[in-house]
Amino acid sequence: MAFPPEHELHKRRLGRNVGVGVTLALFIVLVFALTVVKVTRGDPMQGFDHTVRPEMATQDTEEGQ
């Protein structure tokens, strides 16, 4: 039982699928690189949790109190 010959439409679809795959892979690499840079920069990464923390207070806030 032989497979029918591939239609030209399938070749175009394959080209588009490869393009979308490459674009998705590049996006994932970009997000990963940005994450690595942000984590390894060494800045304290603290989220905003609606509490006042002295280490996050600015000079203006300390002078006004």
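V31 is found in helix 1, which spans residues 8-40. The model is predicted: local features need pLDDT of at least 70, side-chain atom pairs count only at pLDDT 80 or more, and totals for chains, interfaces and linings use all residues. Residues are numbered from 1 along each chain as its sequence is written, and side-chain values use heavy atoms, with hydrogens and water left out.

**Fold and surface**
- The protein has two helices and zero strands (DSSP runs numbered from the N terminus, with H or I over at least four residues for helices and E over at least two for strands).
- Buried residues account for 2% of the 65 residues (buried means under 20% relative accessible area, exposed over 50%, partly exposed in between, with a 1.4 Å probe and protein chains only).

**Nonpolar patch**
- L24, F27, I28, L30, V31 and L34 make a nonpolar surface patch of about 600 Å² (patch residues have over 30% relative accessible area and no salt bridge; nonpolar side chains, Val, Leu, Ile, Met, Phe, Trp and Tyr, are joined within 5 Å, and like charges within 9 Å).
- V31 is partly exposed, at 39% relative accessible area.

**Salt bridge**
- The structure holds one salt bridge (a side-chain nitrogen of Lys or Arg within 4 Å of a carboxyl oxygen of Asp or Glu).
- R12 pairs with E8 in a salt bridge, their closest N and O atoms being 3.1 Å apart.
- Both R12 and E8 lie in helix 1, four residues apart, about one turn of the helix.

Technical notes: Accessible areas come from the Shrake-Rupley method with a 1.4 Å probe; for residues, only the protein chains shown count as cover.
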